[in-house]
Amino acid sequence: MVWTYSRASRRPILAFLSVFSFFVLGAFIAAKSGAPTAQRNFEFRHAARVDTPWESKTRAESGGDKYLIGVGKADITGPVVEIGFAGYADLAQTGTGLRQRIYSRAFIIGDVNNPDDRFVYLVLDTQSGDTGVRFGILDGLAALGDEYAVYGQGNVAVTGTHSHAGPGAWFNYLLPQITSLGFDKQSYQAIVDGAVLSIKRAHESLTEGYLDYGAVNITDGNLSRSVYAYLANPAEERARYTDDVDKEMTVLKFQRASDSKNIGILTWYPVHGTSIYQNSTHVAGDNKGVAEIMFEKAMEGEESAADGFVAGFSQANVGDTTPNTLGAWCDDGSGDMCSLENSTCGDSKSQFCHGRGPLFNQLDLGIASCYEIGKRQYNGAKSVYDSFGSSGTAVVGSTVKSFHFYHDMAFWKFQLEDGTEVQTCPAGLGYSFAAGTSDGPGAFDFTQGDSGDPSASPVWEVVKSLLRAPSPEQQACQNPKPVLLDVGEMSVPYPWTPNIVDVQLLRVGQFVIIVSPSEATTMAGRRWRAAVKAAAADLTDTEPKVVLGGPANTYAHYVATPEEFGIQRYEGASTLFGQWQLPAYINLTVSNIHYLAPGASGAPDPGPRPPDNRNGSLSFITGVVQDNAPLGKNFGDCTTQPAGTYTRGAVINATFVGANPRNNLRLDGTFAAVEKQGGSGEWTQVRDDADWSLVYTWTRTNGLLGYSEVVVSWETGADEDVEPGTYRLKYYGDSKALFGGAITAFEGASGEFTVM
């Protein structure tokens with residue numbers, strides 16, 4: 001498939017406005033009614049330097065403390081067509097196919113001597129964790145029976161890689177549902193079922209083993225997209241750091257004791273999942289999805305790795321980071337970079353301001369840049385993995401603890417360290433939220449740093465008043481944020497955003513994980529980690545290592561520092577609970593850290609349970625009615641054959657009579673494949689949906705009659721391990737009958753072709 005370049009300028013407000021009247025009508029009606037792959041090799045470029053600035057306890061094969069460890073992985077690829085994507089909140093970004101499957105990866109760590117003390121850390125290739133999804137995962141674990149009763153509210157963390165290239169329509173709250181036209185049970189269930197299955201597989205793999213961690217600086221993997229806000233932080237604080245974003249990746253290795261085989265790694269590194277542009281409509285896991293699958297494939301046949309090796313690339317303090325490492329430029333022909341203060345161009349608007357990834361010049365919707373940023377993360381993690389024998393730090397101390405509780409942020413009063421009483425607020429989004437970022441600019445002349453006076457859009461003043469104008473108490477609480485959307489006080493037909501957030505910490509030995517419901521900015525993450533590290537020093541004899549993972553459990557947008565909040569760029573405007581949100585998060589975690597102490601018993605009060613909107617959410621998403629093959633054709637027929645011969649670098653296409661892939665998600669399976677012919681004429685699958693170079697595209701050609709076609713594309717130029725030989729393309733589909741709705745599987749194959 002040959003891609004052309006275009007950049008959409010829509011962001012949440014534009015998409016929101018386009019469906020506003022439609023959705024509100026439905027809302028009020030609802031309120032009234034009450035209703036097997038070949039091993040791959042990769043080039044190693046941008047080799048990263050291993051940096052372990054803390055005191056190490058090095059070991060090769062034995063030593064340190066033993067833990068219960070287990071890893072598991074399962075497919076969570078939901079509907080890849082006809083469902084709006086999650087992340088950019090762009091109504092136009094509706095799925096048309098699949099570039100790479102997305103997964104849930106589960107990591108279990110437990111105390112060998114007290115097996116009930118354990119936790120699960122999930123890494124989902126999704127935009128974030130979510131309240132409803134977490135409820136579903138906990139329900140699914142309970143349904144597995146008594147053996148799984150050890151997993152529950154207090155010890156399951158559900159994080160997302162923050163990819164913006166996956167199916168949406170699974171959120172618990174109304175606001176993020178709007179641009180996907182509501183809630184889709186199939187999309188939601190794919191995530192929940194896959195997450196539960198990954199935990200089950202991790203549980204079944206539990207064994208005694210060791211944990212080690214190391215670090216590497218990946219200097220070319222991210223950039224700050226909000227330097228102007230970062231500069232508002234105190235100069236003496238900024239002087240303690242060499243960069244305006246964190247460059248360090250932390251890698252935690254899981255090693256089986258029985259044979260010293262490694263069963264997985266879990267990494268933390270901050271970079272937005274926005275390498276793929278918002279006008280790309282093929283599902284993928286963005287740059288972290290690339291890194292995960294690349295690492296797992298590299299471990300196939302690796303002597304040090306066990307079968308079923310799982311690599312999780314978790315997000316960190318991602319809030320103000322971008323993968324667009326060439327910076328933000330004006331696509332207006334001027335050749336200028338965007339303004340530092342508010343990311344605008346010569347027309348004083350933000351619409352032409354776009355970030356550029358490292359391979360921007362390929363003009364391919366960010367696909368090549370996405371692969372490159374994923375590869376840089378892979379290379380960094382692999383350099384740490386290869387050096388563990390000489391520079392790893394053993395996790396020591398037998399303690400495994402966790403805690404979780406809910407907290408209502410609406411008008412919550414607490415004291416800062418100096419004794420000053422402050423409060424957090426009901427959720428609110430500022431005017432600069434509508435401006436978007438250089439990863440995806442907004443509309444209606446909103447800009448970052450927008451004061452709301454004068455209004456960038458008189459239309460939006462009407463919309464704001466129709467929804468809910470913030471009360472004087474709310475506006476005073478949110479000051480200096482001018483509130484555009486008072487979402488925390490909007491509950492018709494059900495809550496629009498969370499006011500109740502998850503507070504969660506995990507600990508194994510000296511290794512502590514902050515589980516954040518919000519996207520923390522760079523400095524917010526640094527302050528939070530430092531506070532937890534200082535508090536954790538009393539719990540361990542070894543210097544604590546603290547990482548931050550998220551967005552997790554409940555998606556609560558952003559958390560900026562109070563100084564960054566005052567600048568009111570996008571991240572500050574999206575800090576839901578006011579300027580004291582970060583100190584509140586720190587207070588809530590640090591004040592409960594004693595629950596992680598050795599021998600600690602009990603748990604915090606669970607707090608107010610958040611609303612569960614899974615069974616009452618609106619949906620304007622239509623289902624599949626029927627599939628039919630055109631007259632004289634059968635499902636799976638190859639209507640456009642590949643040529644007979646190709647040289648490596650070509651894009652090889654085949655077109656098939658298709659059916660809607662929503663009929664069967666083929667979880668842990670594939671829609672497309674490349675097969676290679678062996679010497680005896682047998683065919684062996686060598687590529688499938690997990691491979692970046694194999695792309696599946698579905699198009700409805702006649703909605704009334706139910707006709708559709710599928711194009712399977714093998715991009716051999718993006719495939720680093722193409723061997724000469726004879727190949728064919730395969731397509732696997734499922735059709736739906738109009739009468740009775742029976743689903744029937746079929747498959748198709750192209751003719752043979754040779755790759756030179």
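Modeller: Start with strand S5. Tyr103, Arg105, Phe107, Ile109 and Asp111 point one way from S5, Ser104, Ala106, Ile108 and Gly110 point the other way, and all are buried. Buried means under 20% relative accessible area, exposed means over 50%, and partly exposed lies in between, with a 1.4 Å probe and protein chains only. This is a predicted model, where local features need pLDDT of at least 70, side-chain atom pairs count only at pLDDT 80 or more, and totals for chains, interfaces and linings use all residues. Residues are numbered from 1 along each chain as its sequence is written, and side-chain values use heavy atoms, with hydrogens and water left out.

Colleague: Which strands pair with S5?

Modeller: Strand S2 (residues 67–75) pairs with S5 in the antiparallel sense over 9 bridges. Strand S6 (residues 118–124) also pairs with S5 in the antiparallel sense, over 7 bridges. Two strands pair if DSSP finds at least two bridges between them.

Colleague: What stands opposite serine 104 in S5?

Modeller: Alanine 74 does. On the S6 pairing, arginine 105 stands opposite valine 123.

Colleague: How many residues sit between S5 and S6?

Modeller: There are 6 residues between them, and the two strands form a hairpin.

Colleague: New topic. What is the strand order in the open sheet with S19?

Modeller: The order is S19-S26-S27-S29, 4 strands with mixed pairing. Strand S19 (400–408) and strand S29 (545–549) are the edges, and each pairs on one side only. The twist averages 15° from one strand to the next.

Colleague: How do S27 and S29 pair?

Modeller: Strand S27 (residues 511–515) and S29 pair in the parallel sense over 5 bridges. Isoleucine 513 has valine 547 in S29 as its bridge partner.

Colleague: Which strands does helix H14 lie across?

Modeller: Helix H14 (residues 581–590) lies across S19 and strand S26 (500–508), at about 50° to S26. Axes are lines fitted to C-alpha atoms, for helices over the stretch in contact, and angles run from 0 to 180 degrees between N-to-C directions. Contact means heavy atoms within 4.5 Å.

Colleague: Now single residues. Is glutamine 177 buried or exposed?

Modeller: Glutamine 177 is buried, with a relative accessible area of 0%. Glutamine 177 is found in helix H3 (residues 174–177). Its side chain joins that of tyrosine 494 in a polar contact of 2.4 Å. A polar contact is a pair of N or O atoms within 3.5 Å; within protein, one must be able to donate a hydrogen and the other to accept it, and residues adjacent in sequence count only if both atoms are side-chain atoms.

Colleague: And glycine 346, buried or exposed?

Modeller: Glycine 346 is exposed, at 76% relative accessible area. Glycine 346 lies in the loop between strand S16 (328–330) and strand S17 (353–355).

Colleague: Last one. How many helices and strands does the protein have?

Modeller: The protein has 14 helices and 40 strands. Of its 756 residues, 62% count as buried.
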